[in-house]
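Please read this briefing alongside the sequence and the 3D view. It takes the topics one by one.

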Amino acid sequence: MRRTAAREGRIRPAHVLLALGAVITVFPLVWEVLTSFKSFGESVRMPPTILPAHWDRSNYAKVFEAVPFGRQFVNTVVMALLRTAAQLLLCAMAAYAFARIRFPGRGALFLGFLAVLMVPGQLFLLPQYQIMQSLGWLDSMQALVVPGMFSAFGTFLLRQFFMGLPEELEEAARLDGANPFTVFWRIALPLARPGLLALGILTFLWSWNDLMWPLIVNTDPAKMPLSAGLASLQGAHLTEYPVLMAGSLLATLPVIVVFVAMQRQFIQGIAFSGMKG
Amino acid sequence: MSVEARTGPVVPGRRARASAVVGRELRRRERRFRHRDKWWGYALIAPAGLGLAVFYLWPVVQTVYYSLTRWGAFGGTTWIGLSNYRTLVADPEFWQSLANTGIYTGLVLLGIPLSMVLAVLLNLKGLRGTGVYRTLYFLPVVTMPAAVAVVWRWLYNGDVGILNQALSALGIDGTYWVSDPDTIRFAVAVVGVWMTVGHHMILLLAGLQSIPADYYEAASLDGAGRIRQFFSVTLPLLSPTLFFTTVLSVIQSLQVFDLVYLIIGANTQNSLQNPAFGEGQTVVMLFFQKAFFDNQRGYGAAIVCVLFVLIMALTAVQFRLQKRWVHYA
């Protein structure tokens with residue numbers, strides 16, 4: 001009895017603190033939503049109104065006038081999906097080979113993958129840009145997608161995952177005469193679904209949010225993803241905050257909706273992201 | 001077993017011979033597998049391997065090479081040895097950006113104790129609604145950094161931003177947080193903490209949950225109170241996770257770009273430029289400017305090479321220091 005009372009006594013202050021923190025955490029996002037529905041005049045009124053006096057949707061229309069947001073939305077979705085699909089396939093193939101197949105030079109090749117993992121992303125950008133330039137791919141979807149199709153991190157993550165799977169099923173299939181690719185495709189890959197999901201979520205999120213690479217390669221607004229579009233929207237409407245709030249909300253809302261729907265997988269996946277450096 | 005059943009009692013010699021035959025057959029098959037597997041191995045690795053070699057591994061070599069060259073106005077490179085690095089050491093803008101990045105990194109680390117408090121609270125037995133809290137704290141982690149920057153610039157607005165309105169209600173005079181050289185770094189770091197607390201909290205929570213309950217029972221049988229338990233059980237057993245979180249946070253903070261880039265605005269080098277630009281600019285922003293706008297690719301390459309070395313060095317130092325405070329059970 002006394003123990004539960006003591007526990008109760010700790011729970012209530014904990015709730016107070018956690019709720020306070022949660023309010024502080026969520027407030028900027030709530031304020032973003034509320035501002036996006038205010039007229040410009042109302043947004044700069046002092047003292048401020050909390051709820052919009054009347055819910056003004058014109059800011060959203062202005063976003064579409066200032067930048068080709070619809071196009072950029074499609075660009076972002078296509079970019080994120082293609083990068084994710086390619087990474088899942090290519091990383092899984094390589095990861096399976098590293099985890100299960102013995103061949104000369106495996107250790108050295110794996111070291112090469114690990115080396116890429118250690119290097120901060122900025123060191124790749126200049127030469128990558130030059131490759132895009134020499135291929136004539138600046139201002140194109142290929143520029144957004146192709147370098148992002150390969151990932152040392154993803155290979156590493158999935159290799160760890162494959163190494164943790166039991167080998168018996170795969171061995172049985174091998175003895176029945178299946179080749180390594182069939183074993184990988186039919187047996188190992190379905191078992192690795194949680195790992196694939198984690199990598200897929202991470203890749204999708206990073207691709208969606210990526211800013212520097214798109215700023216470098218695609219300067220044509222019609223070819224930009226939302227992140228870069230938001231940067232140019234800020235350039236065009238520097239002080240028109242309701243429009244900026246509408247734009248930033250539109251750019252993040254899809255990811256937030258997916259996050260809320262799949263939060264367990266998201267949080268687990270991102271907890272994995274530790275190795276990314 | 002089945003062999004015995006079929007052939008009746010087995011003479012030891014015969015049995016050994018039979019198993020030797022089976023063993024040989026198995027080894028033969030395995031060799032054959034392995035011989036063919038070799039090519040499967042190369043084939044499976046080839047697509048990712050080639051892509052990484054072309055777009056990642058070779059570019060690192062190229063970037064290091066570029067850092068030792070000057071970029072011609074019409075392309076082409078001239079070898080200039082360590083000249084870019086000498087310029088870098090004498091460039092106040094570089095030192096300023098390095099200091100800004102260092103301060104940002106340090107301030108964001110202060111978010112880790114905060115994350116730990118949240119994780120400990122969430123780990124309390126009998127607490128309900130942990131799922132809701134986790135979701136809410138995690139929202140900033142999944143929000144696009146570019147959008148985060150745009151939103152916080154609005155909160156920080158010196159004239160009508162909600163922060164200053166709230167402060168003036170309390171009788172405090174706010175400032176132009178993101179265009180005041182004295183406040184810009186703190187303003188940016190607060191956003192950095194806001195964006196990472198949820199992530200660190202999740203990592204630490206996983207660490208807390210892996211501490212066996214017996215340890216606490218043993219400690220409480222020995223008469224240790226809650227506080228004592230925290231310092232003699234929780235903290236040491238959580239130290240590997242804390243270490244990992246710290247290393248991760250430092251590596252990520254040193255590369256900060258999106259957030260600061262959009263909070264302080266572009267480097268326009270005219271009257272429209274943010275007066276706090278110099279105090280805000282990070283190392284990666286300087287690289288971005290030099291390499292892609294000022295056409296000083298060699299110099300830009302030198303900047304990121306130095307950043308790379310710094311990251312490696314700081315990580316190595318942390319691994320060295322971990323002996324002092326990290327306990328591996």
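**A covered helix in chain B**

In helix α14 of chain B, the buried residues are B:Val283, B:Val284, B:Met285, B:Leu286, B:Phe287, B:Phe288, B:Gln289, B:Lys290 and B:Ala291. A residue is buried if 20 or more other C-beta atoms, placed from the backbone, lie within 10 Å of its own. This is a predicted model, in which local features need pLDDT of at least 70 and side-chain atom pairs count only at pLDDT 80 or more, while totals for chains, interfaces and linings use all residues. Residues are numbered from 1 along each chain as its sequence is written, and chains are lettered from A and ligands numbered from 1 in the order in which they are written.

- Nine of the ten residues of α14(B), residues 283-292, are buried, and the helix is mostly covered.
- Its cover includes α6 (122-134) and α12 (212-217) of chain A, as well as α4 (92-109), α12 (258-264) and α15 (297-325) of chain B.

**Chain B as a whole**

- Chain B has 15 helices and two strands; helices (H or I, at least four residues) and strands (E, at least two) are DSSP runs, numbered from the N terminus.
- Of its 329 residues, 38% count as buried.
- Among contacts in chain B with a separation of 6 or more, 71% are between residues 24 or more positions apart; two residues are in contact if their C-beta atoms, placed from the backbone, lie within 7 Å.

**A kinked helix in chain B**

- Helix α11 of chain B (residues 226-254) spans only 36 Å between its end C-alpha atoms, whereas a straight helix of 29 residues would span 42 Å at 1.5 Å a residue.
- A kink of about 50° lies at B:Ser239, shortly before the proline B:Pro240; the bend at a residue is the angle between axes fitted to the seven residues ending there and the seven starting there.
- Buried residues of α11(B) include B:Thr234, B:Leu238, B:Thr241 and B:Leu242.
- Covering the buried residues of α11(B) are, among others, α4, α5 (111-122), α9 (184-209) and α15 of chain B.

**Contact between the chains**

- The contact takes 78 residues from chain A and 76 residues from chain B.
- Helix α2 of chain B (residues 12-66) gives the largest share of chain B's side, 22 residues.
- That side of chain B divides into 57 nonpolar, twelve polar and seven charged residues; Ala, Val, Leu, Ile, Met, Phe, Trp, Tyr, Cys and Pro count as nonpolar, Asp, Glu, Lys and Arg as charged, and the others, Gly among them, as polar.

Note on methods: Buried ≥ 20, exposed ≤ 12 C-beta atoms within 10 Å, placed from the backbone. Expected span 1.5 Å × (residues − 1).
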